Amino acid sequence: MIQKSYLSNVKHITNEDQLAEIDNNNEHSGNNSVVAAGPDFAQEVLDRVGDDSIVILLEGSYDELFLRNSRWQSKLKVAGDFDDKYLDENGFLDMELYLSQFSNYYPYYYRDIHNIEIIGTDGVILEGGITSTTNNAEKDIIGGRDGNGYFLYYDIDGLALKNLIFDESTLWFEYQHSNSAIRNVNLENCLFKGSEATKTANNPEGYAVYMHKNQTIFTNINFTECYFDRYFQPIRLETIVDAEIRNCTFTNTGHDAIELRGETDENIGGTYLIDSCYFDEIGGKAIGRAGFQNAEFIISNNDFSRIAEDADEGGKSIVVQFGDIGTTSEKQENISVTFTENSYNGRRLSDVNERNYSADRFIILAE
């Protein structure tokens with residue numbers, strides 16, 4: 001249930017005329033608007049809202065939603081030289097210049113998403129999930145004008161997703177440009193309902209939350225009171241710096257419950273907190289993987305239950321593992337691990353306090 005405070009001054013979009021009222025918002029002025037929409041207009045609303053906006057998804061079933069650029073609010077830049085009279089002091093073009101006026105130049109539309117909340121009312125089901133991609137070869141004919149657009153999707157700094165149900169679907173971020181940056185993404189009270197298909201899919205369709213690297217650094221990604229059931233890998237975060245996972249539940253997985261990956265020179269430092277979570281019927285390790293430097297891991301107050309037995313460890317269950325034997329590309333360099341107040345099948349696990357650890361592998365067994 002969304003808070004009553006969100007229901008004041010809400011723009012409820014039910015037709016094209018109301019949609020036009022939030023159109024042409026290309027200044028990123030931070031108008032703090034609150035916009036409610038059902039499945040018919042949700043995507044168009046997401047394309048048009050400005051900074052510091054709240055989008056309320058009304059009860060209903062939704063296909064895939066895209067956090068993508070919109071020609072209305074996106075700034076625009078061109079590759080190559082362009083007549084200076086069209087450019088502002090920052091090198092951007094007036095949005096009234098359409099593609100037909102670019103001649104042989106390729107325009108770059110990009111959208112900076114700042115401080116946007118997407119909140120679901122009771123019964124919001126996302127069957128296709130939420131996707132954020134570069135779509136870096138997308139073409140668009142604007143207003144019937146000729147021309148091809150080359151679209152790049154850039155920064156997200158401040159995105160909150162609350163009270164959403166993902167039905168056999170994935171929250172997927174995949175960026176492909178070195179100057180992309182994804183920061184300050186918070187998931188709260190979201191339910192990821194998987195199936196046997198998502199549990200056995202060793203690919204992005206089997207990951208509940210997937211953040212894929214391709215030169216992108218994901219910073220400050222946080223989960224609070226989220227529930228994950230029947231996914232191959234509920235959380236897979238690559239090239240991650242700083243993450244918190246609190247009060248979450250992971251059940252019935254096909255593989256590891258949480259996978260964190262460094263594996264880039266940029267991934268140096270960072271703090272990773274996993275606190276007060278519940279893990280049950282885990283098909284691999286509860287927490288893994290590898291490739292961190294000068295990082296701090298705090299794993300505390302978690303309840304682990306029924307984690308798969310590992311044949312290489314004499315049938316013992318692996319609660320935490322970074323790296324693997326002989327995989328020097330995943331080597332840990334100067335990491336610190338604090339493992340306290342955790343239990344396995346009702347019994348207290350021994351505390352671990354490892355400082356400045358460097359090796360191919362770090363492991364904590366359920367014993």
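**A patch of negative charge on the surface of the predicted model.** Asp63, Glu64, Glu127 and Glu168 gather on the surface in this patch of negative charge. Patches consist of residues with over 30% relative accessible area and no salt bridge, like charges being joined within 9 Å and nonpolar side chains (Val, Leu, Ile, Met, Phe, Trp, Tyr) within 5 Å. Asp and Glu count as negative and Lys and Arg as positive, with His and the chain ends not counted, and each charge is placed at CG of Asp, CD of Glu, NZ of Lys or CZ of Arg. Asp63, one of the patch members, lies in the loop that runs between strand S4 (60-62) and strand S5 (65-66); strands (E, at least two residues) and helices (H or I, at least four) are DSSP runs numbered from the N terminus. Asp63 counts as exposed because its relative accessible area is 59%, where exposed means over 50%, buried under 20% and partly exposed in between (1.4 Å probe, protein chains only). Residues are numbered from 1 along each chain as its sequence is written. Because this is a predicted model, local features need pLDDT of at least 70 and side-chain atom pairs count only at pLDDT 80 or more, whereas totals for chains, interfaces and linings use all residues, and side-chain values use heavy atoms, with hydrogens and water left out.

**Salt bridge between Glu117 and Lys162.** The whole structure holds 15 salt bridges, each defined as a side-chain nitrogen of Lys or Arg within 4 Å of a carboxyl oxygen of Asp or Glu. In this view the side chains of Glu117 and Lys162 meet at 3.1 Å, N to O. This pair links distant parts of the chain, since Glu117 belongs to strand S8 (residues 113-120) and Lys162 to strand S12 (residues 156-162), 45 residues apart. Lys162 is partly exposed, with a relative accessible area of 21%.

Glu259 and Arg261 form a salt bridge with an N to O distance of 2.4 Å, and both Glu259 and Arg261 are buried. Arg348 and Glu341 form another, at 3.5 Å from N to O; here Arg348 counts as partly exposed at 47% relative accessibility, and Glu341 counts as partly exposed at 43%. Salt bridges that share partners also join Arg236, Glu238, Glu259, Arg261 and Arg289 into one network.

One aromatic cluster is formed by Phe166, Phe192, Phe223, Phe228, Tyr231, Phe250, Phe279 and Phe304. Phe279 sits in strand S25 (residues 278-282) and is buried, with 0% relative accessibility. Although 25 residues separate Phe279 and Phe304 in sequence, their C-alpha atoms are 4.8 Å apart in space.

The C-alpha atoms of Phe173 and Tyr210 lie 6.2 Å apart, while the two residues are 37 apart in sequence. Asn202, by contrast, is exposed, with a relative accessible area of 55%, and is found in the loop between helix H3 (196-200) and strand S17 (207-212). A C-alpha separation of 8.0 Å relates Asn202 to Gln233, which is 31 residues away along the chain.

Most residues other than glycine have a negative phi. Asn247 has a positive phi near 55° and lies in the loop between strand S21 (240-246) and strand S22 (249-251), where Asn247 is partly exposed with a relative accessible area of 41%. Asn294 also has a positive phi, near 50°, and is found in the loop between strand S26 (287-290) and strand S27 (296-300). At 41% relative accessibility, Asn294 is likewise partly exposed.

Note on methods. Rings of Phe, Tyr and Trp (its six-membered ring) pair if their centres lie within 6.5 Å; planes under 30 degrees apart count as stacked, over 60 as edge-to-face and the rest as tilted. Accessible areas come from the Shrake-Rupley method with a 1.4 Å probe; for residues, only the protein chains shown count as cover.
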